[in-house]
Amino acid sequence: MGPGQAIAIDLEDVEAFARNRESAKPLVIFESHNLRLQGAQTSLLGIASGLVGGKYDVLLATGSDGPLRQSYQDMGIPSFIHNVPSLSIQDGHEFHIERLASFYKASGADLIHVNTLTNSLSAIAARRANLPYVWNIREGGAPEQYFSALPAHLCEEGRDALSEASAAIFVAECTRKQCARTLTLPEQTF
C-alpha cells in the first residue's frame, strides 16, 4: 500500500502497513465518520495536517469515502475505509466494533482520535482494543441522542467509552456543559 492509498479494511493489509512503516514515530489514527466536505470532517483534516511531518505519523480511518480523501492523499496520509454502519442500522455493530478493534491493534496505533459523537462505535472499538483515544465532540443539542441511537446492549458501553476516554475535546464550552449535565466526562476535558 502506497502513501495516501485508500483501501477497505483488510487485516492483512493493515498488518502489512504496520510491518512496512519505516518510522518509529508514534502513530495517530484519525477516525472520521465520513469524508464529505462538511465542518467536522474539514476541521479534522486541519488537525491531521498539522501533524504531518512532525513527531507523529498519521493515518486516516473512515466509515465512508468522499471528496476529502483526495486532500489526505495529497498530504501523503494513508487512508483505510472500513464501512462501519450508521447508528440507525440495528445489525452488524458487534462485527464492525471487533473488526475496528482488530484494525487499531494491527496498525500499531498509539492513539486514536475519534471525531464526533456519531463515531461512538469507533470509540467503543478503541476502548475494547485497550488503546488510548481522545474524543473530539462537535455536536450541539442533546448528546444522549447519539448513545440512545445505539442498540440497547451498546448504549451503556458508548457512555462508558466517553467517560473512559483519555480526553474529551469540545469545540464549544456550551457543548461541554450540556454533555456534563447528562454524561460522565473524562478527567481531561478541553
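Modeller: Start with Glu157. This residue is buried, because its relative accessible area is 15% and the cut-off for buried is under 20%. Keep in mind that the model is predicted.

Glu157 meets Arg128 side chain to side chain in a salt bridge, 2.8 Å from N to O. That pair links distant parts of the chain: Glu157 is in helix H7, Arg128 is in helix H5, and 29 residues separate them. Arg128 is partly exposed, at a relative accessible area of 23%.

Glu157 has a salt bridge with Arg127 as well; here the closest N and O atoms are 3.5 Å apart. Again distant parts of the chain are linked: Arg127 belongs to helix H5, Glu157 to helix H7 (residues 152-163), and they are 30 residues apart. Arg127 counts as partly exposed, with 23% relative accessibility.

Now a salt bridge within one helix. Arg176 and Glu173 join their side chains at 2.5 Å, N to O. They are three residues apart in helix H8 (residues 173-182), so about one helical turn separates them. Arg176 is partly exposed at 22% relative accessibility. Glu173 is partly exposed too, with a relative accessible area of 44%. Salt bridges with shared partners also build one network from Glu94, Glu98, Arg127, Arg128, Glu157, Asp160 and Glu164. The structure holds eleven salt bridges.

Next, follow helix H5 into the strands. From S5 the chain crosses through helix H5 (residues 120-128) to S6, in parallel pairing with S5 (residues 111-115) by four bridges. This β-α-β crossover is right-handed. Asn115 is placed opposite Asn136 of S6. On the S7 side, S6 and S7 (residues 167-170) also run parallel, joined by four bridges. There Asn136 stands opposite Ile169.

How enclosed is S6? Five of the five residues of this strand (residues 133-137) are buried, so S6 is largely enclosed by the rest of the structure. Tyr133, Trp135 and Ile137 point one way from S6. Val134 and Asn136 point the other way.

A polar atom of the Asn136 side chain lies 3.1 Å from the backbone oxygen of Ile169. Setting aside neighbours within four places in sequence, Asn136 is in contact with Ile47, His113, Val114, Asn115, Thr116, Ile169 and Val171.

Two further sites complete the account. His82 sits in the loop between strand S4 (79-81) and helix H4 (93-107). His82 is buried, with a relative accessible area of 2%. Its side chain makes a polar contact with the side chain of Glu31, at 2.4 Å.

Gln145 is part of helix H6 (residues 144-148). This residue is partly exposed, at 41% relative accessible area. The Gln145 side chain reaches the backbone oxygen of Ala142 at 3.3 Å. Between Gln145 and His93 there are 52 residues in sequence and 17 Å in space, C-alpha to C-alpha.

Key. Residues numbered from 1 in each chain as written. Predicted model: local features only at pLDDT ≥ 70, side-chain atom pairs only at ≥ 80, totals over all residues. Heavy atoms only, no water. Helix = DSSP H or I, 4+ residues; strand = E, 2+ residues; numbered from the N terminus. Buried < 20%, exposed > 50% of the residue type's maximum accessible area, 1.4 Å probe, protein only. Polar contact = N/O pair within 3.5 Å; in protein donor to acceptor, adjacent residues only side chain to side chain. Pairing = 2+ DSSP bridges. Right-handed = clockwise from strand over helix to strand, strands pointing away. Contact = heavy atoms within 4.5 Å. Salt bridge = Lys/Arg side-chain N within 4 Å of Asp/Glu carboxyl O.
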